Each structure stands twice: as C-alpha cells, then as structure tokens.
Amino acid sequence: IIAIDNATENAGLSIFDDGKLVFYHLFHFEGDLIGRIMKNKNLIKDIIIGKWQPDLLVLEDIQQQVNVMVFKSLAMLLGNALVVAREAGVKTETVLSKVWRAHYMIPGRTRAEQKAGAIQKVKEMYGVTLGDDIAEAILMGKYAADVLTRQELRKKLF
C-alpha cells in the first residue's frame, strides 16, 4: 500500500508492506503550478507505480477550501493521480482527512493543531519525529493497511 499526502509543493509518501511501514519520504516540487503538477504526475507514474507497483494507492480526498485556487489545485492533483493509477491498472482509494484523523483520535480544532497531533501520533507509534506531510501520509497508509484492507477482505469472504 502506498499512501500520498498530496499538495502542490510537497507530497508526503508512505509505503506499507503486509501492514508494516517500510518506507517514507517527502517530495518537493518547484516551478509554476502546472509544472509542479506535471512533476507530481511523473513521480506517481514513473516511481510510485512504475518502480514500486503498489496493490493499492491511497490518496487524501479533497474538501472545500476557503481559497478557490487551492481547491482547484488540489482537484487537479487528485485527478492526475487517479488517471495515472487507472491507466496503470492500480486500485485507488481516496480518504478524507477527517476519517483517518478520527480513527487515530487526532486532537485539535484548527488545521495547525491537527497537523501537530498527526506528528505526535506518528512519534508515539513509530518513535520518529517527522514533518506533517510525511506524518499524515503514514497515518493514511496505516489506516488503509488496518481498515481498508480488512473491509476488502470481508467483501471477498462474504
């Protein structure tokens, strides 16, 4: 399972194999918006899918933003990732941040408090202190490994 906390300038990534965290990294993109989106698309196509060949690609779903341009940018990123995965035959799931945050009981009312809570939760779970983009990618990936794969197994069995 590969999880990506996607944003136009940074993308946190985590890889889980048999439910265990095996890799995490932060990718940084520079340039204008379309250039950054193209770099993100190429990363997903060539490295994430091409090299690692995940069974499942988990992406953070987007939600309404106060700033329309931020919402539009995130929608373009998500759309690109979903198209690239579909073209490669890789299964995808989108998860709202409020869903995995609730699962791990991440405290905080503000975005900053929630990001700090994600960093703290990853420190508790894995003993490492990381930035919020990677911490959130790890928690999304762990959520997918623990919850989404169990749901998929139930569908196959029943």
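Start at Trp-100. Beyond its neighbours within four places in sequence, Trp-100 is in contact with Glu-60, Val-95, Ile-106, Glu-136, Leu-139, Met-140 and Tyr-143. Keep in mind that the model is predicted.

Several of these names come back when we look at the interior. The largest nonpolar core has 22 residues. Trp-100 is among those with the most contacts inside this core, along with Ile-1, Val-58, Leu-139 and Tyr-143. Which elements each supply at least two residues of this core? They are strand 4 (56-60), helix 4 (111-126) and helix 5 (132-157). Helix 5 gives the most, with 10 residues. In soluble globular proteins, nonpolar side chains tend to be buried together.

Now step back to the whole chain. The protein has five helices and five strands. Read along the sequence, they follow the pattern β-β-β-α-β-α-β-α-α-α. Residues 24 or more positions apart account for 57% of the contacts with a separation of 6 or more.

What about overall size? The C-alpha atoms fill a box of roughly 40 × 35 × 25 Å, taken along the principal axes. A compact globule of 158 residues would have a radius of gyration near 15 Å. The protein has 15 Å, so the two agree.

Next, compare two single residues. Is Thr-8 buried or exposed? Thr-8 counts as buried, because its relative accessibility is 16% and the cut-off for buried is under 20%. Thr-8 sits in the loop between strand 1 (2-6) and strand 2 (10-17). Leaving aside neighbours within four places in sequence, Thr-8 is in contact with Phe-29, Leu-33, Arg-36, Ser-73 and Leu-77.

Val-22 lies in strand 3 (residues 20-28). Val-22 counts as exposed, because its relative accessibility is 51% and exposed means over 50%.

Finish with the protein as a whole. Of its 158 residues, 41% count as buried. The accessible surface comes to about 9000 Å². Carbon and sulfur atoms hold 54% of that surface. Charges complete the tour. There are 21 positive and 19 negative charges, and their mean positions are 3 Å apart.

Note on methods
Residues are numbered from 1 along each chain as its sequence is written. This is a predicted model: local features need pLDDT of at least 70, side-chain atom pairs count only at pLDDT 80 or more; totals for chains, interfaces and linings use all residues. Side-chain values use heavy atoms; hydrogens and water are left out. Helices (H or I, at least four residues) and strands (E, at least two) are DSSP runs, numbered from the N terminus. Buried means under 20% relative accessible area, exposed over 50%, partly exposed in between (1.4 Å probe, protein chains only). Contact means heavy atoms within 4.5 Å. A nonpolar core is a set of buried Ala, Val, Leu, Ile, Met, Phe, Trp, Tyr and Cys residues joined through side-chain atoms within 4.5 Å. The radius of gyration is taken over C-alpha atoms; the globule rule is 2.2 Å times the number of residues to the power 0.38. Accessible areas come from the Shrake-Rupley method with a 1.4 Å probe; for residues, only the protein chains shown count as cover. Lys and Arg count as positive and Asp and Glu as negative; His and the chain ends are not counted. The place of a charge is taken as NZ of Lys, CZ of Arg, CG of Asp or CD of Glu.
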